[in-house]
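Look over the sequence and the structure shown here before reading on.

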Amino acid sequence: MEDHRHSRWGHSDWRSLAGPFGDEVAEAAREGLKQAWRRFRPMLPHERDKQNEVEWFVPVGLTGLNIAFADGLSPGDLSEEEVAQATAFALCEINDYPSWFGALAEARPGAVLGVLAPVLEAQYVGTGTSPDRAVLDNLGHRDERVRRLATPMLLQLIEARPNADARALERALAAVVVDAEKRERLLALARPRASLDGDPASSLWWQFLAGQDPGAAASILRDAADRHAGQQSLVEAVAAVDWTPSGLDTPALADLVRSTYRVVAPAADVHRPSGEVFTPGPRDDAERSRSGLVGRLANVPGEDAFRALLALAVDPATAAHGDWFARLAHERCERDAEAPPLDLRGAREFLDVPKAHFADAEGFFEYVLDRLEDLRRTVERGPFSCRNLLRQSDEAGVQAFVANHLQLTTARCSVVREEELDLRKKPDVRLHSSHPSAVVGIEIKIADRWTVPQLDAALERQLVGQYLRDPCSRHGILLVIHSGTKSHWREGDRRLTFKEVVERLSGRARVLGYEKAVGLRVVAINCRDDVQSQIHAG
């Protein structure tokens, strides 16, 4: 029997035995496997001498359990001893829990926790026979029903040993399902312990604080920058944090940007040649975190953000990117000064005015962005939205749809699909105007079908590294479509929403635009029926 989805101990396709052995043998194997798991009790992960080895009957037992639950076995049909037996097998599985384990944990929490708790405790405290911590390491990525069941005892372990081994503490914090009450308990542990003085456990508590109380974490970072600016341990700490500074006012957010620049100094940035394949390290992650904070500040409306960006343009800590901060301040001012939407009469009068030639490439770029904004509004809010069509299309179909929309709604320009450039690289859509350098390349991705690193690569390696190599093509757009089939994207231990993915890409686009001297934007269209708010980054 084979499971072609991924590597697992347990399988479920007993019918594949019918081909070589016949239906009677396959049925007999099915019934035998469904009973086999009751005859053996595997060693728990922390009891084994060798972490990557299991007893011969573990694959047999897991396969039998998979078949039994698929055939209708209910958690309520099992005795307490049988639930414990099934749990022991589930904790031996690799590359995720068996599909039935979440329902078992939800229906029979006491018996499941009776087996799970000593495993987690041994792996957190480090008292197991094996140094393996696979159950604890992976809990944060597993079925949330199991995480919720384990959270109270994990919280007790953390409170009893808040300065445990850094890796164990990190995994336990990642696994805890935090509600308001648990947040306060963890913050009570974090506030007196969080620091950036080099101790791994203290650094982890600071990272937790950054996600839950960014103001306190920012104060610690500022103090650390005063003492140890540029120290590698500080760079690594910043690299591990994806800030969500929603609780900070604009001056505090600007102060956080300044402190991050002092820790992650631009003079030490790693400059990657366009198109080069590399594995991001802590320095790359720290630079991305730094640019993400700048992007968040630039997206704050109002005079405070404008003045903060101007101040950063001349601040010694951020002077290396002073021109960029000045430009962001100018753009912030322009967006804040935008006129309100036209009423129906005003729109008609505007449409009756003949369109002028574009004075330069920048004007044409903004014109194309406006047409994509029209498309976004039509899809997300229009009374005759075509979002169902987009949801059902593959990327080739979406490319054709976008190209057709641009062809119908743009004037004095040509729209070309997959126009071949040098090195046989083809952007999805390319627009040309009469101005010799007014060329805009558009790369289109259905975000649901790609990971965060793949979307990063589409922006950095495809759009910038390949399509914008042409000296006459210095403007590009990454158009990301959310079809609604995916609710979140993984980035390390974090689960990002579509809006957070777009904000992350937009921050990176600003940095790349500054570094490469190109016009670069990210535009997002949300095809979900329940979309409520505008998502248009850039």
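## The chain as a whole

This is a predicted model. The protein chain has 538 residues, and 48% of them count as buried. Its secondary structure consists of 23 helices and seven strands.

The accessible surface of the protein chain is about 25300 Å², and carbon and sulfur atoms hold 50% of that area. Among contacts in the protein chain with a separation of 6 or more, 68% are between residues 24 or more positions apart.

## Helix 3 and helix 4

Helix 3 covers residues 57-70 and helix 4 covers residues 80-90; the two pack at an angle of about 120°, with axes 10 Å apart. Helix 3 passes helix 4 in a left-handed crossing. On the side of helix 3, the contact is made by Phe57, Val58, Gly61, Leu62 and Leu65, and on the side of helix 4 by Ala86, Phe89 and Ala90. Sorted by class, the residues of this contact are seven nonpolar and one polar, with no charged residues.

Two residues to look at in the loop between helix 4 and helix 5 are Asn95 and Asp96. Asn95 is not a glycine, yet its phi is positive, at about 60°. Asp96 is not a glycine either, and its phi is positive at about 110°.

Are these residues buried or exposed, or something in between? Asn95 has a relative accessibility of 45%, so it counts as partly exposed. Asp96 has 33% and therefore also counts as partly exposed.

## Helix 12 and helix 14

The axes of helix 12 (residues 214-228) and helix 14 come within 9 Å and cross at roughly 40°. The crossing of helix 12 past helix 14 is left-handed. Helix 12 makes the contact through Ala218, Leu221, Arg222, Ala225 and Asp226, while helix 14 contributes Asp255, Leu256, Ser259, Thr260, Arg262 and Val263. The residues of this contact are five nonpolar, two polar and four charged.

## Helix 13 and helix 15

Helix 13 spans residues 232-239 and helix 15 spans residues 282-298; their axes come within 7 Å and cross at roughly 60°. Helix 13 and helix 15 are therefore oblique to each other. The crossing is left-handed. The residues in contact are Val235, Glu236, Val238 and Ala239 of helix 13 and Pro282, Arg283, Asp285, Ala286 and Ser289 of helix 15. By class, this contact has five nonpolar, one polar and three charged residues.

Gly281 is in the loop between helix 14 (250-263) and helix 15. Its relative accessibility is 17%, so Gly281 counts as buried. How far is the C-alpha atom of Gly281 from that of Glu236? The two C-alpha atoms are separated by 9.2 Å, although the residues are 45 residues apart along the chain.

Glu460 is part of helix 22, which runs over residues 452-464. Why does Glu460 count as buried? Its relative accessibility is 16%, and buried means under 20%.

Which residues does Glu460 touch, leaving out those up to four places away in sequence? They are Arg288, Gly465, Arg508 and Leu512.

Definitions and conventions: Residues numbered from 1 in each chain as written. Predicted model: local features only at pLDDT ≥ 70, side-chain atom pairs only at ≥ 80, totals over all residues. Heavy atoms only, no water. Axes fitted to C-alpha atoms, helices over the stretch in contact; angles between N-to-C directions. Helix = DSSP H or I, 4+ residues; strand = E, 2+ residues; numbered from the N terminus. Parallel < 35°, antiparallel > 145°, perpendicular 65-115°, else oblique. Left-handed = near helix turned anticlockwise from the far one by under 90°. Contact = heavy atoms within 4.5 Å. Nonpolar A, V, L, I, M, F, W, Y, C, P; charged D, E, K, R; others polar. Buried < 20%, exposed > 50% of the residue type's maximum accessible area, 1.4 Å probe, protein only. Areas by Shrake-Rupley, 256 points an atom, 1.4 Å probe, with all protein chains shown as cover.
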